[in-house]
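Colleague: I would like to go through the labels on this model one at a time. Please give the cut-off behind each of them.

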Amino acid sequence: MEPAAYLTGQLLIALPAIGDPRFDRAVALIFAHDADHAMGLVLNRRLEGLRLGEVLEQLGLPSPESRRLEPVLIGGPVQPERGFVIHSDDFRAKDGATLLAPGGLACTPTREALEAISRDTGRPSQSRLVLGYAGWGPGQLEEEIRRNVWLTCPADQEIVFETPESKVWTAALARLGVDPSLLTSEAGQA
C-alpha cells in the first residue's frame with residue numbers, strides 16, 4: 001500500500017468470510033498503520049461483568065456516578081490486560097502517548113487518560129475504555145483486505161461513541177450503503 005492508502009483513522013468492518021470467530025461482525029478502529037504493522041481497537045465487543053467504575057476503583061481513582069456503569073470493551077486478542085482509552089481529541093496525554101486519528105478521535109494507552117476521566121475537569125468530552133487490541137504484521141492487513149474479509153470506511157465520533165455496541169456493525173455497513181442481509185460468507189474477487 002502507498003502511504004496515502006494506510007488506514008489510520010478508518011474503520012475495518014468484518015465480512016462474513018472472515019472465518020475467525022474473534023472477529024465475527026467486528027468493527028475495529030485503526031489507530032496505527034504503516035508498512036511494518038497495523039493496530040486497531042474493536043468497538044463492538046463488550047467485556048461482560050466489568051464496568052468502567054470497577055476499573056477506576058481498582059486503580060484507586062474516583063468514579064463519576066454518571067460513568068460508573070459504562071461498559072468496558074474487548075479491543076482484540078492481543079495483550080488483553082493492556083488498557084486503551086479511545087476518546088475525543090480534546091484531551092492529550094502530557095507524556096505524548098496520545099495517538100491521533102482523523103475525525104476528532106484519539107487513543108491514549110496510559111493511566112493518564114483514566115485519571116482524566118475520573119476528574120470533573122480536564123477530561124475528554126467522550127471516551128471508551130478498551131482492553132487488548134488487534135494487531136497485524138507487515139502486509140498482513142493488506143492481504144486480508146485483498147481476500148475480501150474486511151471493508152473500510154472513515155471513522156467518526158457517532159459510530160465510536162454514540163452507537164450501542166450491538167448496532168456498530170450494521171451502522172458501519174450502512175455508512176457504505178451495504179445491506180447486511182445481502183452479505184455472504186463466500187469470499188471472491190471480481
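Modeller: Two strands pair if DSSP finds at least two bridges between them. Helices (H or I, at least four residues) and strands (E, at least two) are DSSP runs, numbered from the N terminus. The model is predicted, so local features need pLDDT of at least 70 and side-chain atom pairs count only at pLDDT 80 or more, while totals for chains, interfaces and linings use all residues. Residues are numbered from 1 along each chain as its sequence is written, and side-chain values use heavy atoms, with hydrogens and water left out.

Colleague: What makes S2 and S3 a pair?

Modeller: Five bridges join S2 to S3, and the definition asks for at least two. The two strands run antiparallel and form a hairpin with four residues between them. Within this pairing, methionine 39 of S3 is the bridge partner of alanine 32.

Colleague: Which strand is joined to S3 by three bridges?

Modeller: That is S9 (residues 127–136), again antiparallel. There, alanine 134 is the bridge partner of glycine 40.

Colleague: How do you know that S3 is mostly covered?

Modeller: Five of its five residues are buried, a word that means under 20% relative accessible area; exposed is over 50%, and partly exposed lies in between (1.4 Å probe, protein chains only). Ala38, Gly40 and Val42 point one way from S3, Met39 and Leu41 point the other way, and all are buried.

Colleague: What does histidine 37 touch?

Modeller: Contact means heavy atoms within 4.5 Å. Leaving aside residues up to four places away in sequence, histidine 37 touches Ala32, Trp136 and Gly137.

Colleague: Why does threonine 98 count as buried?

Modeller: Threonine 98 has 13% relative accessibility, which is under 20%, so it counts as buried. The residue lies in the loop between strand S6 (78–88) and strand S7 (99–101).

Colleague: What makes the link between threonine 98 and threonine 108 a polar contact?

Modeller: A polar contact is a pair of N or O atoms within 3.5 Å; within protein, one must be able to donate a hydrogen and the other to accept it, and residues adjacent in sequence count only if both atoms are side-chain atoms. The side chains of threonine 98 and threonine 108 are joined at 2.8 Å, which is within 3.5 Å. The side chain of threonine 98 also reaches the backbone nitrogen of alanine 93 at 2.8 Å.

Colleague: How many aromatic pairs does the structure hold?

Modeller: Three. One of them is phenylalanine 23 with tryptophan 150, 5.9 Å centre to centre with 70° between the planes. Rings of Phe, Tyr and Trp (its six-membered ring) pair if their centres lie within 6.5 Å; planes under 30 degrees apart count as stacked, over 60 as edge-to-face and the rest as tilted. The pair of phenylalanine 23 and tryptophan 150 is therefore edge-to-face.

Colleague: Why is the pair of tryptophan 136 and tryptophan 150 called edge-to-face?

Modeller: The ring centres are 6.2 Å apart and the planes stand at 80°, so the pair is edge-to-face. Phe23, Trp136 and Trp150 form one aromatic cluster.
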